Amino acid sequence: FFGTIENVYRFMASYANIDGFVGSEAPIPARERSELDQWILSRLNSTIALADQSLESYDCTRAARAMEQFVEELSNWYIRRSRPRFWAAKKASASTETVSVHDKLAAYQTTFDCLFGLAVMMSPVAPFFADWLYRRLNEVVKRDAAPSVHLARFPVADESVIDAGLEARMELARTVVQLVLLLRNRSHINVRQPLSRMLLVIGHAVEQAEVERVRDIILDEVNVRAIEYIADSSGVVKCSAKADFKKLGPRLGKQMKAVAARIAALGDAEIRAFQAAGKIDVTVDGAVIEVGADEVDILSEEIGAWTVAQDGGITVALDVQIDDELRAQGHAREVVNRIQGMRKTADLDLTDRIRVQYQASTALAASTAANRDFICRETLAMELAEAAEPKGDWAERFEIGDESIVVAITRSAV
């Protein structure tokens, strides 16, 4: 928890020092920031409201858990999704520079607002760390006249910034992403490997219009090219239901066998209706018996080449077939990952440019050459050249699946 907050602070501070952000810039109104910024600000103020209410009723555990959830969302979703904005170089032309600077400034201001609000909010439950964070932030920006967090006023939630609909959409996006990543893990496919498409079953828990509003976020997170929608899951998964004898047996006694048979006979449409309602009525010898969702196990069997995952009313299917073009793009992303690791090992500055030489097996060499511009852009490489014997200040050999590559990098003087 504390390490995560410190990492967010140091990440922001590192790039703020590079870009010259000092906090004296005119605040950008929340409505003029990106949807991602608006989401985390909404979550900040929702958390402040919940923490305030919890502390007022002396429920410190509830307040602390709300803060813990917010920190997870700030670090693992907002900061990770915002990294390209912090990394982006300032554009040369005046028109694009305005957009770039505006977007980067919004990212800095939003991150600062979240950390500052968190520092004051957490002061009753983590007094020492909260004061350390407050002082680090306030000594530069001078947001508050109070020299210590314990002399500052507890934050008040800004209701105008809270957007429940936006929070629900982003939570839906995060759930879909988690399911797709689960499928990738189950199929042993690294997230750096692009895939062609995924299917999303629309219904009571998933509205296509809501998904479309966060479509780009989902596709970017899971590295899939397209989302396709289907009205029901019968084409990709076959469902069956099985009564939980341990839970139902003691309650139903002799009626258990008849109820279990009725549940086992449920078709796909009946199972979907059961999942939506959370219960089902079973008639045995003229008596109506209500069976809850927690008393029945729903089993799913994948159909065809799709791999499927479900979470409540959300069903996702993933096409795991990889053609040559997708494989080449996956190779390029793996090469980027290895070069970035070498940059870190070499302790290069974030803004250092490099020159790269490589020698690779046939397929990997072709993939690297075909994606030269992408690799150079992602690694700040001024040059990416194939060589019989790669030479540089740092060199290393890597195995990427069945392929291999030797990479040598040199810090560029330019």
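Asp 347 counts as exposed, because its relative accessibility is 62%, and this residue of the predicted model lies in the loop between helix H12 (324-345) and strand S9 (354-360). The protein chain to which the briefing refers has 14 helices and 12 strands, and its C-alpha trace spans about 85 × 65 × 35 Å along the principal axes. Of the 414 residues in the protein chain, 45% are buried. When contacts between residues at least 6 apart in sequence are considered, 73% of them join residues at least 24 apart.

**Two loop residues with positive phi**

- Asp 347 is not a glycine, yet it has a positive phi of about 60°.
- His 188, which is likewise a residue other than glycine, has a positive phi value near 60°, and it is found in the loop between H6 and strand S1 (195-201).
- His 188 has a relative accessibility of 75% and therefore counts as exposed, since the cut-off for that class is over 50%.

- On the H12 side the contact involves Ala 328, His 331 and Val 335, while on the H13 side it involves Ala 363, Leu 364, Ser 367 and Thr 368.
- Sorted by class, the residues of the contact of H12 with H13 are four nonpolar and three polar, with no charged residue.
- Ser 367 has its place in helix H13 (residues 362-370), and it counts as buried because its relative accessibility is 5%, where the cut-off for buried is under 20%.
- Once neighbours within four places in sequence are left aside, Ser 367 is in contact with Ala 328 and His 331, both of which belong to the H12 part of the contact with H13.
- With His 331 there is also a polar contact, made between the side chain of Ser 367 and the side chain of His 331 at 3.1 Å.

**Helices H6 and H8**

- Helix H6 (residues 164-186) and helix H8 (residues 215-222) cross at roughly 25°, and their axes come within 9 Å.
- H6 is therefore roughly parallel to H8, as angles under 35 degrees are placed in that class.
- The crossing of H6 and H8 is right-handed.
- From H6 the contact takes in Met 170, Ala 173, Val 176, Val 177, Val 180, Leu 181 and Arg 184, and from H8 it takes in Ile 217, Ile 218, Glu 221 and Val 222.
- Nine nonpolar and two charged residues make up the contact of H6 with H8, and no polar residue takes part.

**Helices H9 and H10**

- Helix H9 (residues 245-252) packs with helix H10 (residues 256-264) at an angle of about 135°, and the axes of H9 and H10 are 9 Å apart.
- That angle makes H9 oblique to H10.
- Phe 245, Leu 248, Gly 249 and Leu 252 of H9 make the contact with Met 256, Val 259, Ala 260 and Ile 263 of H10.

Notes. Residues numbered from 1 in each chain as written. Predicted model: local features only at pLDDT ≥ 70, side-chain atom pairs only at ≥ 80, totals over all residues. Heavy atoms only, no water. Axes fitted to C-alpha atoms, helices over the stretch in contact; angles between N-to-C directions. Helix = DSSP H or I, 4+ residues; strand = E, 2+ residues; numbered from the N terminus. Parallel < 35°, antiparallel > 145°, perpendicular 65-115°, else oblique. Contact = heavy atoms within 4.5 Å. Buried < 20%, exposed > 50% of the residue type's maximum accessible area, 1.4 Å probe, protein only. Polar contact = N/O pair within 3.5 Å; in protein donor to acceptor, adjacent residues only side chain to side chain. Left-handed = near helix turned anticlockwise from the far one by under 90°. Nonpolar A, V, L, I, M, F, W, Y, C, P; charged D, E, K, R; others polar.
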